[in-house]
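Hi,

Here is the structure I promised to pass on. Have a look at it first, and then read my notes below.

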Amino acid sequence: MIRKTLLASLLLASIALPAAAAITPPSEVAVKTAKYAASTYRKDIVDTLAKLVSYNTVADKAVPSDKNPVHIAFKEALKAEAQRLGLDYADHGWTVVIGLGQGSERVGVITHGDVQPVDPGKWKKSPFVLDRTSEPGKLLARGAEDDKGPIATALYAMKAIRDKALPLSKRIELYVYMGEESDWGPLVEFLKTHQPPQVNITLDAEYPAVTAEKGYGTVAVTVPKAGAAPAPEGQPYVAQFGGGFFGSQIPEDANALIANATPEIERAIRARGATQQGMQYSFSWQGSNLAIKAKGVSAHSSKPEDGVNAVSMLADALAVRPWAATTAGGVVNFLNEMVGTGIYGEKFGNIAYRDSFMGPMTFAPTVIKQREDGIEVSINMRRPQGKTGEQLTGEVNAALAAWQARRLPLADVTVRISDPWLQKSAPQLPTLMSVFSYFTGMRNPAPVAVGGGTNSRLFPGAVSFGPAMPGKVYTGHSEHEFITEKQLLLNLQMYTAVLVELAK
Ligand SMILES: [Zn+2]
């Protein structure tokens with residue numbers, strides 16, 4: 001997602017706020033119910049969040065969600081919470097629907113119960129135990145922000161509305177999908193026979209509201225052993241290069257091994273690395289080989305500006321001399337010549353572009369994988385409107401062809417590019433802006449575009465509404481994921497007010 005809030009373009013502004021009308025404040029009943037929710041359930045919401053994060057609901061490639069025992073146990077816990085709160089519950093396998101009220105007219109709240117992988121070694125406490133003490137005010141756990149905090153919040157927003165016995169003209173439905181981070185296929189299938197609500201908000205991105213999402217893309221190439229230069233006898237060369245964790249995380253770790261290294265090379269790399277902000281390096285000698293560990297800052301790959309990419313930075317730190325195109329040396333050369341330390345694809349042929357509303361395309365190497373036949377470099381792309389997939393694919397392939405002609409042949413070239421998404425019809429936007437403005441004091445909020453993709457695009461009239469504040473670092477997918485108690489309660493008030501307004 002883009003970090004800096006971009007003002008809506010004229011096109012989107014015209015959808016959002018017709019004639020730039022002054023924002024009407026939310027109704028008294030919406031505000032009262034919201035305040036009641038926050039004062040009554042401030043403790044319960046944290047306890048429910050603690051229950052939800054205790055299940056490691058990461059996808060298991062070998063076991064589909066509806067057969068995965070941890071996912072099933074998570075759904076049981078969700079069911080118990082729903083029933084305790086007096087909400088109805090329906091398990092459709094990959095998708096759970098928790099409801100309040102009756103009626104064919106419905107308001108949908110879209111969330112997901114699965115999480116991204118996590119490296120427990122990077123956490124002070126288990127990422128699956130809600131850590132309420134290590135950093136006062138912060139609730140740390142995998143899923144705290146993405147997306148179990150929002151599930152807990154929605155449950156208590158619905159509970160508060162139920163407590164107040166507000167007359168609703170629409171049924172409220174909370175959707176919890178179990179494969180958002182891994183596989184949207186089962187949700188697409190489900191929605192072929194299940195009629196979704198007419199109006200939807202997705203709690204999986206940021207405020208004030210998200211009406212556009214960049215398209216996800218992957219460029220993966222393997223620098224093959226076959227075709228790479230042989231290790232130069234007695235000369236320094238890059239013998240190993242690796243890093244990264246998963247495709248949608250800006251890598252925090254990277255490593256390299258320089259064979260036949262010299263103290264001069266170490267000094268030069270140290271000096272170059274020291275000029276990079278946010279990077280930490282450690283060096284160790286193994287005989288004449290120099291091992292280098294690089295540590296950056298992980299982030300959601302849709303917001304590379306929130307992190308410091310250890311892979312790009314390490315490659316750059318190594319650019320103190322030319323390296324022979326051994327397999328690992330070829331990877332370093334490829335990264336430095338085609339990606340560099342920028343995050344917008346500036347060095348990759350002509351692919352870079354930007355859109356005035358959706359922002360620039362971002363382009364970040366995320367995983368360097370050691371394979372039998374070579375080393376694979378995966379680059380994560382988030383692209384705005386402005387180019388067709390065909391044009392961009394052509395430009396990527398042209399850049400790769402030019403590099404190969406100059407350097408060495410690549411294997412297993414994969415270019416997968418999906419389209420950006422723009423919500424053209426979202427009648428609930430004025431309500432969202434009104435509630436957001438009232439509870440945050442921010443005047444004239446306007447919809448934004450983000451780099452992340454959410455299930456908004458599968459539901460009619462859906463836009464994202466939180467859970468992250470604009471301009472704040474989004475911690476989902478990172479190794480320092482949290483939601484503050486303050487934000488959780490602010491979200492509870494805003495979600496309650498919005499649901500009252502949309503369902504009354
Ligand atoms: Zn999410």
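**Helix packing**

Helix α7 (residues 310-317) and helix α8 (residues 327-339) pack with their axes 9 Å apart, at an angle of about 100°. Axes here are lines fitted to C-alpha atoms, for helices over the stretch in contact, and angles run from 0 to 180 degrees between N-to-C directions. That makes α7 and α8 roughly perpendicular to each other (the word covers 65 to 115 degrees). On the α7 side the contact is made by V311, A315 and D316, and on the α8 side by V332, L335 and N336; contact means heavy atoms within 4.5 Å.

Before going on: this is a predicted model, where local features need pLDDT of at least 70, side-chain atom pairs count only at pLDDT 80 or more, and totals for chains, interfaces and linings use all residues. Residues are numbered from 1 along each chain as its sequence is written, and side-chain values use heavy atoms, with hydrogens and water left out. Helices (H or I, at least four residues) and strands (E, at least two) are DSSP runs, numbered from the N terminus.

Also in α8 is N333, which is buried with a relative accessible area of 7%. For that scale, buried is under 20% relative accessible area, exposed over 50%, and partly exposed in between (1.4 Å probe, protein chains only). Leaving out residues up to four places away in sequence, N333 touches W323, A324, A325, M338, W403 and R407.

**Zinc site**

The zinc ion has H112 (NE2), D146 (OD) and D204 (OD) as its protein donors, 1.8 to 2.2 Å away. Donors are N, O and S atoms within 2.8 Å of the metal (3.2 Å for Na, K and Ca); water is not among the atoms, so sites may look incomplete. H112 sits in strand β3 (residues 106-112) and D146 in the loop between β4 (138-140) and α4 (148-163), so the pair ties together parts that are 34 residues apart in sequence. Both H112 and D146 are buried. The peptide bond from D146 to D147 is cis, with omega near 15°.

**Other backbone points**

Another cis peptide bond joins G466 and P467, with omega about 10°; P467 lies in strand β24 (residues 467-468). N260 has a positive phi, near 50°, and is partly exposed at 25% relative accessible area. D412, in strand β20 (residues 411-417), has a positive phi near 45° and is partly exposed at 42%.

Cheers

Technical notes
Angles under 35 degrees count as roughly parallel, over 145 as roughly antiparallel, 65 to 115 as roughly perpendicular and the rest as oblique.
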